[in-house]
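Subject: Structure for you, with notes

Hello,

Here is the structure I promised to send. My notes follow below it. Please read them with the structure open.

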Amino acid sequence: MRLFLDRIIKYIRSRSQGFIILVGFVFILLIGIIDYVTKDLDAINFFYLLPLFFVTWYAGSKAGAATAVLAILTSIISNHIGTQVPINWVYQIGKAGIELVGFIGFIVLISSLKGNGQKLDRTLSLLDATLD
């Protein structure tokens with residue numbers, strides 16, 4: 001199992017940043033379709049974090065921020081397509097702002113985690129080299 005995961009990670013790392021962003025956007029759109037089908041389930045918004053994590057980890061925080069904006073727009077659109085109820089734009093903008101703050105916080109957390117992991121790898125490599 002470990003070998004299989006290592007091969008997947010190696011494949012992902014060999015792809016371009018644009019490819020990673022494209023895959024993240026496709027996942028966002030798929031989650032948006034599920035969000036549309038399940039109507040009014042705010043719990044589905046949690047699943048927007050999965051492609052956000054993927055893009056932030058492999059393509060960087062700027063790409064993660066773009067993915068966060070797409071996730072919020074997709075969520076708003078999927079919740080209002082086909083409804084006859086007028087959209088309360090003040091509520092939607094407020095909700096989107098709160099979600100954006102949460103998503104940006106998540107991006108900062110993931111970026112910091114990755115950066116600290118890389119520092120730990122370098123430190124352990126130096127320690128290993130000095131012990132040999």
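Predicted model: local features only at pLDDT ≥ 70, side-chain atom pairs only at ≥ 80, totals over all residues.

T56 lies in helix α3. Is T56 buried or exposed? T56 has a relative accessibility of 4%, and the cut-off for buried is under 20%, so T56 counts as buried. Its C-alpha is 9.5 Å from that of G24. Along the sequence, T56 and G24 are 32 residues apart.

N79 belongs to helix α4, which covers residues 61-80. N79 is buried too, because its relative accessible area is 12% and the limit is 20%.

I93 sits in helix α5. Here the relative accessibility is 60%, which is over 50%, so I93 counts as exposed. I93 and I76 are 17 residues apart in sequence. In space, their C-alpha atoms are 9.5 Å apart.

**Aromatic rings**

How many aromatic pairs does a search of the whole structure find? There are 3. One of them joins F46 and F47 in an edge-to-face arrangement. Their ring centres are 5.7 Å apart, with 75° between the planes. F46 is exposed, at 53% relative accessible area. F47 is partly exposed, at 39%.

Another pair is F53 with W57. Why does this pair count as stacked? The ring centres lie 5.7 Å apart, inside the 6.5 Å limit for a pair, and the planes meet at 25°, which is under 30 degrees, so the pair is stacked. Both residues are in helix α3, residues 49-59. F53 and W57 are 4 residues apart there, so about one helical turn separates them. F53 is partly exposed, with a relative accessibility of 33%.

One charge also meets a ring. The charged end of R15 sits over the ring of F19. The distance to the ring centre is 5.9 Å.

**The second largest pocket**

The volume of the second largest pocket is about 180 Å³. Which residues line it? Here is the lining:

- R13
- W57 and Y58
- K114, G117, Q118 and D121

Helices α3 and α5 (89-131) each supply at least two lining residues. Which element gives the most? That is α5, with 4 residues. By type, the lining of the second largest pocket divides into 2 nonpolar, 2 polar and 3 charged residues.

**Confidence**

The mean pLDDT of the protein is 89. Of its residues, 98% reach 70 or more. Among the elements, helix α3 has the highest mean pLDDT, at 95. Helix α1, residues 2-14, has the lowest, at 86.

Best wishes

Key: Residues numbered from 1 in each chain as written. Heavy atoms only, no water. Phe/Tyr/Trp six-rings, centres within 6.5 Å; stacked < 30°, edge-to-face > 60°. Buried < 20%, exposed > 50% of the residue type's maximum accessible area, 1.4 Å probe, protein only. Lys NZ or Arg CZ within 6 Å of the ring centre and 35° of its normal. 1 Å grid on protein atoms, 1.4 Å probe; cavity = no way out; pocket = protein on both sides within 12 Å on 5 of 7 lines; lining within 4 Å. Points joined across faces, edges and corners; volume = space filled by probe spheres on them. Nonpolar A, V, L, I, M, F, W, Y, C, P; charged D, E, K, R; others polar. pLDDT = per-residue confidence, 0-100.
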